[in-house]
Amino acid sequence: MNFNTIDIKGIVAPFSAIGKVFEHPKTVCYPDQTKVVSEGYRGFHTNVLADCIGCANCQEICMNDAIDMVSIDEDRNDRNKSGCIPRIDYGRCCWCNLCVDVCPPDSLKLGIECIQADADSNNFLYYPKDK
Ligand code: SF4
Ligand code: SF4
């Protein structure tokens, strides 16, 4: 047997995985547990409907076409002449914050709330409301 050709590291390295058994898990049992989000985390949008003027600036700036303007009857303020509010598609959004930057009354923000997992993809089409 030629010991110069034996890959000792390759033989021993897989056993280092045993140590992982005793480490604290990196994942959580959602939905019983949720992760604590960091300061400045970009979660789902919030929109103060009392201030939103329905201008669609947010929709126009979105490079991912993640926003469409949807007509509402309730929660509409007198300055919202279009009668529409933004709806966000989180299958498209990349949380770039551009829509927030161009919102004239600062009604649109990124909050810290988010759905971490959901069996119904329609729940990721989201109407930001007052927060
Ligand atoms: S955060 Fe960016 S990608 Fe998401 S809706 Fe706003 S502009 Fe579009
Ligand atoms: S959220 Fe802001 S940018 Fe979007 S329609 Fe309302 S006021 Fe305009």
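This is a predicted model: local features need pLDDT of at least 70, side-chain atom pairs count only at pLDDT 80 or more; totals for chains, interfaces and linings use all residues.
**Entry 1: a loop residue**

I started at Asp 106, which sits in the loop between helix H3 (98-101) and strand S4 (108-110). Helices here are DSSP runs of H or I with at least four residues, strands are runs of E with at least two, and both are numbered from the N terminus. Residues are numbered from 1 along each chain as its sequence is written, while chains are lettered from A and ligands numbered from 1 in the order in which they are written.

Is Asp 106 buried or exposed? I found 10 C-beta neighbours inside 10 Å, so Asp 106 counts as exposed. The cut-offs go like this: 20 or more other C-beta atoms within 10 Å means buried, 12 or fewer means exposed, and in between is partly exposed, with C-beta atoms placed from the backbone. I also looked up phi of Asp 106, and it is near 60 degrees, a positive value in a residue other than glycine.

Most residues other than glycine have a negative phi, and most peptide bonds are trans. I placed Ala 56 in the loop between S1 and helix H2 (57-61). Ala 56 has 15 other C-beta atoms within 10 Å, so I wrote it down as partly exposed.

Then I checked the bond from Tyr 30 to Pro 31, which is cis with omega near 5 degrees. Pro 31 belongs to the loop between helix H1 (8-12) and strand S1 (45-47).

**Entry 2: the whole chain**

I counted up the secondary structure and got 3 helices and 5 strands. Reading from the N terminus, I get the order α-β-α-β-β-α-β-β. The radius of gyration is 23 Å, well over the 14 Å that the globule rule gives for 131 residues, so the chain is more spread out than a compact globule. (The radius is taken over C-alpha atoms, and the rule is 2.2 Å times the number of residues to the power 0.38.) Along its principal axes, the C-alpha trace spans about 85 × 30 × 30 Å. Of the 131 residues, 13% count as buried.

**Entry 3: two pairs along the chain**

I picked Lys 35 and Pro 105, 70 residues apart along the chain, and their C-alpha atoms are separated by 32 Å. Gly 40 and Leu 110 are also 70 residues apart along the chain, but there the C-alpha separation is 9.3 Å. Lys 35 lies in the loop between H1 and S1, and Gly 40 has its place in that loop between H1 and S1 too. Lys 35 is exposed, with 10 other C-beta atoms within 10 Å, and Gly 40 counts as exposed with 7 C-beta neighbours inside 10 Å.

**Entry 4: the sheet**

What is the strand order in the open sheet of 3 strands? I read S2-S3-S5, with antiparallel pairing. The edge strands are S2 (67-71) and S5 (125-126), each pairing on one side only. Two strands pair if DSSP finds at least two bridges between them. S2 and S3 (residues 84-89) pair over 5 bridges, and S3 and S5 over 2 bridges.

**Entry 5: ligands and core**

Ligand 1 has 13 residues around it, the closest being Cys 62, Ala 66, Cys 93, Cys 96 and Cys 99. A residue is near a molecule if its C-beta atom, placed from the backbone, lies within 6 Å of it. That shell has 11 nonpolar, 2 polar and no charged residues. For the classes, Ala, Val, Leu, Ile, Met, Phe, Trp, Tyr, Cys and Pro count as nonpolar, Asp, Glu, Lys and Arg as charged, and the others, Gly among them, as polar.

Around ligand 2 I found 14 residues, with Cys 52, Cys 55, Cys 58, Cys 103 and Leu 108 the closest. Here the classes come to 10 nonpolar, 4 polar and no charged.

Last, the largest nonpolar core has 9 residues, including Cys 58, Cys 62, Ala 66, Cys 103 and Leu 108. (Such a core is a set of buried Ala, Val, Leu, Ile, Met, Phe, Trp, Tyr and Cys residues joined through C-beta atoms within 7 Å.)
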